Amino acid sequence: MNTVAPLNADQQDALQELLNISMGQAANSLAHLIETKIGISIPKIASVTPEQLFSIIAEESGAYYTRQSFLGDVQGEVMSVISQQGLSEVGALLEYDEPLSKNDVEEIILELSNILAGACLAGLAEQLELKTNLNMPTLFSPKRANFVELQWLNSLVMEVQFDIELSSFSMRVVFCLDDSSLNVLTETIDELLG
């Protein structure tokens, strides 16, 4: 991924710290639900074109994908990449009976996406005192999605990976902001840095 051109070093450091806190809160929410430790990666922040965004999302094989839009003071999309491997173990932790049916798998994917993306976005918005409203996630296939049609020349991508320690399961959450929301975000971070 490219470095973040629209953010200076102070803004990027501040955003990474805010993301660390938000992602930690999200991991705690899921860990509490399934009573298992969750590991998180250091958040990556980058400015990308729609083509680069597609590469980031679609680079993983053997995965399920969800996307959900959010509106408010900042707007964009959250995309989640969920590994197929280890999903049945997570289903067992969520008290689903094995073998998982197709409906079970879809429910688990959508539930995980909503918990992690919702907690991440809520934590970030709360720290920045911004109002956002997250829509429900939907399943999608990157191969059928045309990211070039997105109305964004560049997107600020904030990415983190969650790993469940007792299984081979992992999940990546990617936040995409449009240009106008990026301006709101940088102005708010500047006010915070004061």
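## Close-up views of a predicted model

**View 1. Strand 7 and strand 8 run side by side as a hairpin.** In this predicted model, strand 7 (residues 155–164) and strand 8 run antiparallel and are joined by 8 bridges. The two strands form a hairpin, with 5 residues between them. Two of the pairings can be picked out by name: Met158 stands opposite Phe175 in strand 8, and Glu159 has Val174 in strand 8 as its bridge partner.

**View 2. Strand 8 is covered on both of its faces.** In a regular strand the side chains alternate between the two faces of the sheet. With that pattern in mind, which residues of strand 8 lie on one side, and which on the other? Ser170, Arg172, Val174 and Cys176 are on one side, while Met171, Val173, Phe175 and Leu177 are on the other, and all of these residues are buried. Strand 8 spans residues 170–177, and the count for the whole strand is 8 buried residues of 8.

View 3. Strand 1 (residues 38–40) pairs with strand 7 in the antiparallel sense over 3 bridges, and here Ile38 stands opposite Ile164 in strand 7. Strand 2 (residues 44–48) is joined to strand 7 by 5 bridges, and these two strands run antiparallel as well. In this second pairing, the residue opposite Leu156 in strand 7 is Ser47. Strand 7 is mostly covered, for 8 of its 10 residues are buried.

**View 4. Helix 1 crosses helix 5.** Two packed helices are described by the angle between their axes and the distance between the axes. For helix 1 (residues 9–34) and helix 5 (residues 179–193), the angle is about 90° and the axes are 10 Å apart. An angle of 65 to 115 degrees counts as roughly perpendicular, and helix 1 and helix 5 are therefore roughly perpendicular to each other. Where they meet, helix 1 contributes Asp10, Gln11, Ala14, Leu15 and Leu18, and helix 5 contributes Leu185, Thr186, Ile189, Asp190, Leu192 and Leu193. Sorted by class, this contact of helix 1 with helix 5 has 7 nonpolar, 2 polar and 2 charged residues.

View 5. Leu185 has its place in helix 5. Is Leu185 buried or exposed? Because its relative accessibility is 3%, Leu185 counts as buried. Leaving aside residues up to four places away in sequence, Leu185 touches Leu15, Leu128, Leu156 and Leu177. By contrast, Leu185 and Ile40 are 23 Å apart in space, C-alpha to C-alpha, and 145 residues apart in sequence. Thr188 is also placed in helix 5, and with a relative accessible area of 13% this residue is buried too. Again not counting residues up to four places away in sequence, Thr188 touches Leu128 and Leu130.

View 6. Helix 4 (residues 102–128) has 27 residues, and from its first C-alpha to its last it reaches 39 Å, which is close to the 39 Å expected at 1.5 Å a residue. Just after helix 4 comes Glu129, which takes a positive phi of about 55°.

View 7. Most residues other than glycine have a negative phi, and most peptide bonds are trans. In the loop between helix 1 and strand 1 lies Glu35, whose phi is near 55°, a positive value in a residue other than glycine. Glu35 counts as exposed because its relative accessibility is 73%. In the loop between helix 3 and helix 4 lies Glu95, which is not a glycine and yet has a positive phi of about 70°. Glu95 counts as exposed at 71% relative accessibility. The loop between helix 3 (87–93) and helix 4 also contains Pro99, and the peptide bond from Glu98 to Pro99 is cis, with omega near -5°.

Conventions: Residues numbered from 1 in each chain as written. Predicted model: local features only at pLDDT ≥ 70, side-chain atom pairs only at ≥ 80, totals over all residues. Heavy atoms only, no water. Buried < 20%, exposed > 50% of the residue type's maximum accessible area, 1.4 Å probe, protein only. Helix = DSSP H or I, 4+ residues; strand = E, 2+ residues; numbered from the N terminus. Pairing = 2+ DSSP bridges. Axes fitted to C-alpha atoms, helices over the stretch in contact; angles between N-to-C directions. Parallel < 35°, antiparallel > 145°, perpendicular 65-115°, else oblique. Contact = heavy atoms within 4.5 Å. Nonpolar A, V, L, I, M, F, W, Y, C, P; charged D, E, K, R; others polar. Expected span 1.5 Å × (residues − 1).
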